[in-house]
Amino acid sequence: MKRILLLVMMMTLTFTCNVLAAEDISLPSVNWQKGPATASIGDYAQLKFGENYMFADGNDTRRVLEAFHNIPSGDELGLIATKDLDYFAVFTFDDVGYVKDDEKDSLDADKILEQLKKGQEEENQERAKKGYHTLQITGWEIPPRYNPTTHNLEWAIRIVNNEGGESINFRTKYLGRKGVMNVILVAEPKEFNQVLPKFNELMQGFTFNQGQKYSEFVKGDKVAKYGLAALITGGLAAAAIKSGLFSGLLVGLAKLWKLLIVAVVAVGAAIKGFFAKLFGRKKQ
């Protein structure tokens with residue numbers, strides 16, 4: 001049940017009581033591709049994964065998000081999850097073109113953090129209008145780091161909401177020839193350090209398709225108008241947050257856990273039923 005609560009928590013993007021009316025949610029059946037397998041991530045890449053994982057394509061990812069009253073961006077390409085729901089990650093792609101990595105040795109973590117905090121202040125104005133919790137970035141869990149061999153940029157920030165709940169937001173951006181593959185990891189903060197090595201091992205099975213690789217850039221290809229720092233402080237990251245997608249990943253846990261526990265007590269049978277349908281399992 002703990003993992004089921006985690007999944008609902010991370011896919012509920014706002015502090016509403018929708019989950020309390022769980023019996024009113026029409027949950028779609030999901031065509032899970034179960035490991036060991038190799039999944040296609042749109043026309044851009046593929047992910048090879050083991051028997052402990054299952055993959056849903058972009059259409060099913062959006063349907064699951066919508067079932068829990070989330071707002072998909074329309075760019076979702078897939079969702080990978082462990083079978084026991086220890087964690088999951090969602091893939092989107094931004095066709096911004098080839099992002100030059102000439103800033104790889106000059107990323108200023110302090111300056112980037114300052115810009116992120118400023119951006120969050122602006123975002124909080126919109127969140128307050130909608131009645132959402134406001135959020136405060138407290139610092140880096142993992143400062144921005146770029147791997148020039150695999151051409152991926154990653155970072156993690158710690159965030160608290162206005163009631164003191166804390167969360168970790170971990171993002172990885174894989175640079176390709178025609179754009180950037182965004183991967184958002186969803187896991188409990190207290191288990192983040194245990195989950196991250198497993199996630200990194202999983203992502204060793206990620207590869208861009210032939211013709212999409214960063215190394216295959218040729219003169220005349222579209223080039224992005226910004227570099228690595230903007231991938232963190234603005235550009236793609238800001239677009240994902242402002243669209244509403246995954247804003248709930250930044251929300252603290254304290255109050256939401258209480259809501260979900262109440263929900264399970266109130267509609268326990270219903271929750272078990274539609275999660276059984278979601279994951280293709282029989283009711284226990």
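This is a predicted model: local features need pLDDT of at least 70, side-chain atom pairs count only at pLDDT 80 or more; totals for chains, interfaces and linings use all residues.
Author: Local features here need pLDDT of at least 70, side-chain atom pairs count only at pLDDT 80 or more, and totals for chains, interfaces and linings use all residues. Residues are numbered from 1 along each chain as its sequence is written, and side-chain values use heavy atoms, with hydrogens and water left out.

Reader: Where is R62 found?

Author: Helices are DSSP runs (H or I, at least four residues), numbered from the N terminus. R62 sits in α2, residues 58-67.

Reader: Is R62 buried or exposed?

Author: Buried means under 20% relative accessible area (1.4 Å probe, protein chains only). R62 has 19%, so it is buried.

Reader: What does the side chain of R62 reach?

Author: A polar contact is a pair of N or O atoms within 3.5 Å; within protein, one must be able to donate a hydrogen and the other to accept it, and residues adjacent in sequence count only if both atoms are side-chain atoms. The R62 side chain reaches the backbone oxygen of E76 at 2.6 Å.

Reader: And N124: buried or exposed?

Author: N124 belongs to α3, residues 109-129. Its relative accessibility is 13%, so N124 is buried. Its side chain reaches the backbone oxygen of L135 at 2.7 Å.

Reader: What span should α3 have?

Author: The expected span is 1.5 Å times one less than the number of residues. For the 21 residues of α3 that gives 30 Å, and the end C-alpha atoms are 30 Å apart, which agrees.

Reader: Which residue caps the N-terminal end of α3?

Author: D108 does: a side-chain oxygen lies 3.2 Å from the backbone nitrogen of D110. After α3 comes G131, with a positive phi near 80°.

Technical notes: Helices (H or I, at least four residues) and strands (E, at least two) are DSSP runs, numbered from the N terminus. Buried means under 20% relative accessible area, exposed over 50%, partly exposed in between (1.4 Å probe, protein chains only).
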